[in-house]
Amino acid sequence: MQLNALPKSPTRPLTLPLAGRPHPFRRFSRRLIPLLSLGLLLLGWQVVTMLELYPAFIIPSPAAVLEKAIEVTGDGRLWLHASTTLAAVLSGLAVGVLAALALGYAIAKSVLLETVLSPVIVALQSTPVVAYAPLLIIWFGSGLTSKIVTGALIVFFPMLINTVVGIRGVPSDLRDLLRSMEATRWQTFVKLEVPAAMPVLLSGLKISATLAVIGAVVGEFVSANAGLGFLINLARSQYDTPLVIVAVLTLTVMARLLYGTATWFERRALAWRARGR
Amino acid sequence: MSARITASELAAAYQTPDGDTLPALGPVSFHVEAGSFVCLLGPSGCGKSTLIRLLAGLQRPSRGQALLDNHVIMQPSRRVGLMFQDANLMPWRTVLDNLTLPLEVAGVPKDERLAAARALLPALGLADFEAAYPGALSGGMAQRVALGRVLIQKPDALLLDEPFGALDAMTRERISLDLMDMWERQRQTVLMVTHDIHEAALLADRVLVFSRRPGRIAADIRVTLPRPRRLEDTYGAAFGQIAGQVRAAISRT
């Protein structure tokens, strides 16, 4: 399987586009409706616990979860585990993205390299990370390193594909134009390839930002002594369901914030798109 | 300054996936005198664009050579400006930054290149658009930016590959007249591929008509109309005769 046999745009947005042009009311409702659906979810949850259909250790009430959240925030445990996970997420993201950018650029430029490497890369991608995560623990220990490696591996493939697609998608007429100006390789890279590939690279970064969280948690699930993944495992073994939920929600917030940061960055870097049409 | 372009037994061929060689152009031999305006007409697929690529140094010939003055063209040169049917602007750069790109690549200091670009804007009819992004421009305006971008590097020769081919008739006529005005002041050597007999007869000193693939020169027609030319000249008998000659040459290919 060749890398370029894969779909042109392997990325998809995490938010669903609303149809039609943004109308003032729609813009308002666009903000309001997500809050409303969150509220409904909470309400449903509250109703289920009030009906006492399930014991509290299976579905604790929202109040119990909130109480637990206040407790673990107060004693510093949540911050300890969240910051441990966040450090692993950010380092995994950085390592994975940088490696994918470098290798992706090389592959985009060299058909030979693509032919040599794509079987390995595709095999690596086809194997679930959770399956070989224990191997990584054996090789890199149960500390930060193996979490970074897991995160980097999970981030690597989509970012690599986006890099290859982005660099190969640089219009050949623009390449010819730069050649006709006697541009150096470096000038072609900086003035053409990077900005032309930027939209695809940034959508890769958005996907990677959320994947990095999954990678770190997988690492923590398999073996770790700190982090939100570790906390979830620990709480589950103690039937502390509210704590499990607190840790999971913290991960949700973390992933959403990372995605939001990447989106913000994208909007800034691609401001020309909004002004151009 | 302007440069003389020479094609000497110039030919190009492509490799098909089966390993066959497909002749695309020539061999052709011709001179384009320094400072003259030559238009190239021919059926589609006759190798006109290939010829432009060879002369631009973007592609190597399979036979013969292309010369700029007396130097064999081995690679692209800043002395030669290139323009395609598509404006090929960088959508992430404003009009002004697109115009200055060749100077930026050549290492011209920022204030100099901005001054040069701002000096060009009025003649291009883009005075109010320096901060606009290409996505906001019409096809005609985008092509004007592309024209400005080749002119700013003060090339000795211009190679234009159907530069106005994608524009509507009215826009096309106005922009070709503007090109003619600018050329009459600077007199770079121009080799322009076109599909439009009217455009060729109005702009050119000479019209080269190419045969079907592999393209060879089927006719070499001198346009003896006096300069400066105006649009009204195209309604005269002399113009009609030239256009008819070109038309007849194309019919014979």
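In which sense, left-handed or right-handed, does helix 3 of chain A pass helix 6 of chain A? The model is a predicted one, in which local features need pLDDT of at least 70 and side-chain atom pairs count only at pLDDT 80 or more, while totals for chains, interfaces and linings use all residues. Residues are numbered from 1 along each chain as its sequence is written, and chains are lettered from A and ligands numbered from 1 in the order in which they are written.

The crossing of helix 3 of chain A with helix 6 of chain A is right-handed, a crossing being right-handed if the near helix is turned clockwise from the far one by less than a right angle, and left-handed if anticlockwise. Helix 3 (residues 77-109) and helix 6 (residues 144-168) of chain A pack at about 35°, their axes lying 6 Å apart; the axes are lines fitted to C-alpha atoms over the stretch in contact, and angles run from 0 to 180 degrees between N-to-C directions. Helices (H or I, at least four residues) and strands (E, at least two) are DSSP runs numbered from the N terminus.

Chain B holds seven helices and 10 strands. Its radius of gyration, taken over C-alpha atoms, is 18 Å, close to the 18 Å of the globule rule for 253 residues, so chain B is as compact as a globular protein of that length; the rule is 2.2 Å times the number of residues to the power 0.38. Along its principal axes, the C-alpha trace of chain B spans about 50 × 50 × 35 Å.

Within chain B, strand 1 (residues 5-15) runs antiparallel to strand 2 (residues 21-32), joined to it by eight bridges, where strands pair if DSSP finds at least two bridges between them. These two strands of chain B form a hairpin with five residues between them, and B:Gly19 in the turn has a positive phi of about 95°. B:Gln15 stands opposite B:Thr21 of strand 2. Strand 1 of chain B also pairs with strand 4 (residues 63-68) of chain B, in the antiparallel sense and over five bridges, with B:Thr6 opposite B:Leu67.

Another strand of chain B, strand 8 (residues 189-193), contains B:Met192. B:Met192 counts as buried because it has 25 C-beta neighbours inside 10 Å, the cut-off for buried being 20 or more other C-beta atoms within 10 Å, with C-beta atoms placed from the backbone. Leaving aside neighbours within four places in sequence, B:Met192 is in contact with B:Cys39, B:Leu40, B:Leu160 and B:Leu203, contact meaning that the C-beta atoms, placed from the backbone, lie within 7 Å.

Terms used: A residue is buried if 20 or more other C-beta atoms lie within 10 Å of its own, exposed if 12 or fewer, and partly exposed in between; C-beta atoms are placed from the backbone. Two residues are in contact if their C-beta atoms, placed from the backbone, lie within 7 Å.
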